[in-house]
Amino acid sequence: SPQELELLRLQIVEELEAEHLQRLQTVEKEAEQHRTALIEMRAKYNEAVIQLRKRDNEENGFEAEVERIRAEEVEGLRSRVKKLQQQLESKQAEADHRAVKRELSTASVRIAALESDLQEARDARL
C-alpha cells in the first residue's frame, strides 16, 4: 500500500541520516585530533627554532669574544714590533741587535698567524 511504502521510505531516510550524522561526528572528531596534533607540532617546531637561534647567538658571542681577544693580541704585537724596530734603528750594540731581530721575527710570524686566524673567524661568521 502507498502508506506502507511512504513509511518504509521515511524509515530508510532516517537510517541514512543517522549513518551520515555518525560519519560526520567521526570526521569532526578526527579533524579535531589532527588540529591538535598540528598545533603541538607547530609549538615544538617554534621551540626548536628558538633553541637553535639561542645556540647560534651563544656561539656567535663566543666567536666574537675570541676574535676580539685575537685582535687585541695582534695590536699588542704590532706595538711591540714598532718598539723593536725603533730599537734596531737606534743602533744599539750588535748583541742586542741579534736578540731584537729574533724577537721581531717571532712577533711578525705570530702577527701573520693571528691575522690569518682572525680572517678565517670573520669569514666563518659571515
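Mentor: Fine. Keep in mind that this is a predicted model. Leu5, Leu8, Ile12 and Leu16 make up a nonpolar patch on the surface, and together they have about 380 Å² of accessible area.

Trainee: Which helix is Leu8 in?

Mentor: Leu8 belongs to helix H1, which covers residues 2-89.

Trainee: And how does Leu8 count by accessibility?

Mentor: Leu8 counts as partly exposed, because its relative accessibility is 45%.

Trainee: Switching to the whole chain. How many helices and strands are there?

Mentor: Two helices and zero strands. The radius of gyration is 40 Å, well over the 14 Å from the globule rule for 126 residues, so the chain is more spread out than a compact globule. Its C-alpha trace spans about 135 × 15 × 15 Å along the principal axes.

Trainee: What share of the residues is buried?

Mentor: Of the 126 residues, 11% count as buried. The chain exposes about 10,600 Å², with carbon and sulfur atoms supplying 55% of that area.

Trainee: What's in the largest nonpolar core?

Mentor: Eleven residues, including Val74, Leu84, Leu88, Val100, Leu104 and Leu118. H1 and helix H2 (94-125) each supply at least two residues of this core. H2 gives the most, with six.

Trainee: Take Leu88. What is in contact with Leu88, leaving aside neighbours within four places in sequence?

Mentor: Leu88 is in contact with His97, Val100, Lys101 and Leu104. Of these, Val100 and Leu104 are also listed in that core.

Methods: Residues are numbered from 1 along each chain as its sequence is written. This is a predicted model: local features need pLDDT of at least 70, side-chain atom pairs count only at pLDDT 80 or more; totals for chains, interfaces and linings use all residues. Side-chain values use heavy atoms; hydrogens and water are left out. Patches are made of residues with over 30% relative accessible area and no salt bridge: like charges are joined within 9 Å, nonpolar side chains (Val, Leu, Ile, Met, Phe, Trp, Tyr) within 5 Å. Accessible areas come from the Shrake-Rupley method with a 1.4 Å probe; for residues, only the protein chains shown count as cover. A salt bridge is a side-chain nitrogen of Lys or Arg within 4 Å of a carboxyl oxygen of Asp or Glu. Helices (H or I, at least four residues) and strands (E, at least two) are DSSP runs, numbered from the N terminus. Buried means under 20% relative accessible area, exposed over 50%, partly exposed in between (1.4 Å probe, protein chains only). The radius of gyration is taken over C-alpha atoms; the globule rule is 2.2 Å times the number of residues to the power 0.38. A nonpolar core is a set of buried Ala, Val, Leu, Ile, Met, Phe, Trp, Tyr and Cys residues joined through side-chain atoms within 4.5 Å. Contact means heavy atoms within 4.5 Å.
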